[in-house]
Every structure is written in structure tokens, then in C-alpha cells.
Amino acid sequence: MEFDEDVSLDTSQVQDQRGAGGGLGGRVAIGGGGLSIVGLIIYFVLSQLGGVGGGVPLSTGDVGNGEQVNNSDLANECRTGKDANTNHDCAIVAIINSIQAYWQDEFARSNLTYREAQTNFFTGGVRTGCGSATSDVGPFYCPADSEVYIDLSFFRELQTRFGAQGGTFAEAYVLAHEYGHHVQNLLGTSNRVREGSGPTSDSVRLELQADCYAGVWANHATTTPVNKSGRPLIKSISQDDITRALDTASRIGDDYIQRELGGGQVDPSQFTHGTSEQREKWFRTGLDSGEPNSCNTFDTSNLG
């Protein structure tokens, strides 16, 4: 995955909360629906092992009392695509810029208004509109404050714990999935979730649709202009990049997680995100079609 060196980055789409006091002891409130991609799966695995406590609802915003967000270092380091090619944090900023630029354009084509969602970098723990969370839950989207949260060390854990190949585009898939949840929130799709678990549950359908939306963005990533430059930030995506993203999808299926990290027993009644095969399938569906309309996982005959 390569970024255009001459296109500027917009760090205002990211809040860097690292060093802002993290280390909070609570968890994201499950009832708030904030956990996604591997969050609920990790929650299931850790809860089965006795490692997760209950959620702690908060009425505060993103940052706790007395804590401050300082984006100055990020803004100084991440100016253009050239920085994204050499600096991991800047690559994440570039990916976020591209994802949101695509959805901004897509919503406009449908005469809808897309509202940007900030991504919050944190270390150890964070407070959100959905409750407090530690890094254990993985990346997640909180519909209560419409923001994405991620401890970037998660990407290393994907490789060391889950056995994923990793790579920048695999990380882009993770982020695009979270922004898929933001799209669902804006469209009201998230409100359709009634069944929390099971192979055909609304939760599984929601997650697979977010995978599909991630693929749709990936289809357009090299042609979507960002900011006012009129040029795409992402210059190229290789077949190896796509293979790595599909590999990541296969490592975070419910069946794989339960079998490899949850004691070996696969219990479909506890599925919340879909199987490895389904996650690969729906990311590929979005990637091949490039059409959000192809992502109708709520069609009862279309789960597969």
C-alpha cells in the first residue's frame, strides 16, 4: 500500500489521547453497542476465561476530568503522504482521511449528509460516550458519541496473538470496518439490531455488513480524492495487500477465535461477528462490487 507523497493529511480527524491519563479500569458497556470488529469476540473469549468485568456507563465525553488532548506532535509529524509512507501513525491518519472522503462523496451522491467521525488514539484505557474501556476490547465504534477508538498496539497483537500476516492495508480493513459502523449509525441500520448472538443474529448481520462496507471503500481507495487537493491519498494497493486483509478477516471470525483462543469448542449460539468464511466473503463482496447496495446482509436469503 503506497500513499501519494504530495497530498496533504488532515490530522483534525484524529484525537491523540495517548498520554492523556488512560489506564481506566472499566469496560465499554456492552448494551451500548460500542464494541465491534474483534471487540465483542475478544470480550467473549476473555469473559469465558474470567478476564472481563461489567460495563461502566459514563455521562462524560471522551476525555476524563483534568485530561487534555494534544494533537501538536501528530500535526507536526503527519503533513503529507510522504510522512504516511514512513510513519505508522501518519499512515493511519491517511487511511482515515481516505475512508471518510469516500463516504462523504457517496452520501452526497445519494443526497445525504455524511458527518465526519473522529478516531481516538489511546493507550491502556479510555472514556467514551458508551462507557469506559481498556485496550483488551480491541478497536471499537461508539454510536453514543459517533467516534472510533483504538489502541494502536492492537495491530501488533493481531500478528502475535491471532497469527495474522498484518500490514498497512490489513490495518486499513480494520479501520474501514469501524467506519462501516459509523455509516450504519448515520443510516439508522444499527437500530435494527435486536438479537445479540447466534449465526443468523442481527449482530452478525451488522458486522458482516461493516466488513462489506470496508471492501466497498477499498474498491474506491485509489480513486477517491481527499481534502481540496482533487487527488487520492492512496496511490496503490497490491494483490498482496488484499491477501493480507483477507487473512486478517479469517483470523477474527467467531469460529476461528473460539477454536484457537477460546478452548477449542465452537458454539454457534455465541456468534456475534460471523465465521471466518463469512467475513472474508463479505469483505470480498464489497471489494469486487464497489457498491454499498451489494452489502444487504439483512436480506434473510443473503447471509451465506
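Modeller: The protein chain exposes about 12200 Å², of which carbon and sulfur atoms supply 43%; the areas come from the Shrake-Rupley method with a 1.4 Å probe, and for residues only the protein chains shown count as cover. This is a predicted model, in which local features need pLDDT of at least 70 and side-chain atom pairs count only at pLDDT 80 or more, while totals for chains, interfaces and linings use all residues. Residues are numbered from 1 along each chain as its sequence is written, and side-chain values use heavy atoms, with hydrogens and water left out.

Colleague: How many of the 304 residues, as a percentage, count as buried?

Modeller: Buried means under 20% relative accessible area, exposed over 50%, and partly exposed in between (1.4 Å probe, protein chains only). Of the 304 residues, 53% count as buried. Ser98 counts as buried because its relative accessibility is 0%.

Colleague: Where does Ser98 lie, and which residues does Ser98 touch?

Modeller: Helices (H or I, at least four residues) and strands (E, at least two) are DSSP runs numbered from the N terminus. Ser98 belongs to helix α4, residues 88–109. A contact means heavy atoms within 4.5 Å. Leaving aside residues up to four places away in sequence, Ser98 touches Trp217, Ala221, Thr224, Val226 and Ile234.

Colleague: At what angle do α4 and helix α6 pack?

Modeller: Axes are lines fitted to C-alpha atoms, for helices over the stretch in contact, and angles run from 0 to 180 degrees between N-to-C directions. Helix α4 packs with α6 (residues 168–187) at about 35°, the axes being 10 Å apart. Among the residues making the contact are Ile92, Ile99 and Trp103 of α4, and Leu175, Tyr179 and Val183 of α6. By class, this contact has 14 nonpolar, three polar and one charged residues; Ala, Val, Leu, Ile, Met, Phe, Trp, Tyr, Cys and Pro count as nonpolar, Asp, Glu, Lys and Arg as charged, and the others, Gly among them, as polar.

Colleague: How many aromatic pairs does a search of the whole structure find?

Modeller: A pair of aromatic rings is described by the distance of the centres and the angle of the planes. Rings of Phe, Tyr and Trp (its six-membered ring) pair if their centres lie within 6.5 Å; planes under 30 degrees apart count as stacked, over 60 as edge-to-face and the rest as tilted. The search finds eight pairs. Tyr102 and Trp103 are edge-to-face, because their ring centres are 4.9 Å apart and their planes stand at 70°. Phe140 and Tyr149 are stacked, with 5.1 Å centre to centre and 15° between the planes.
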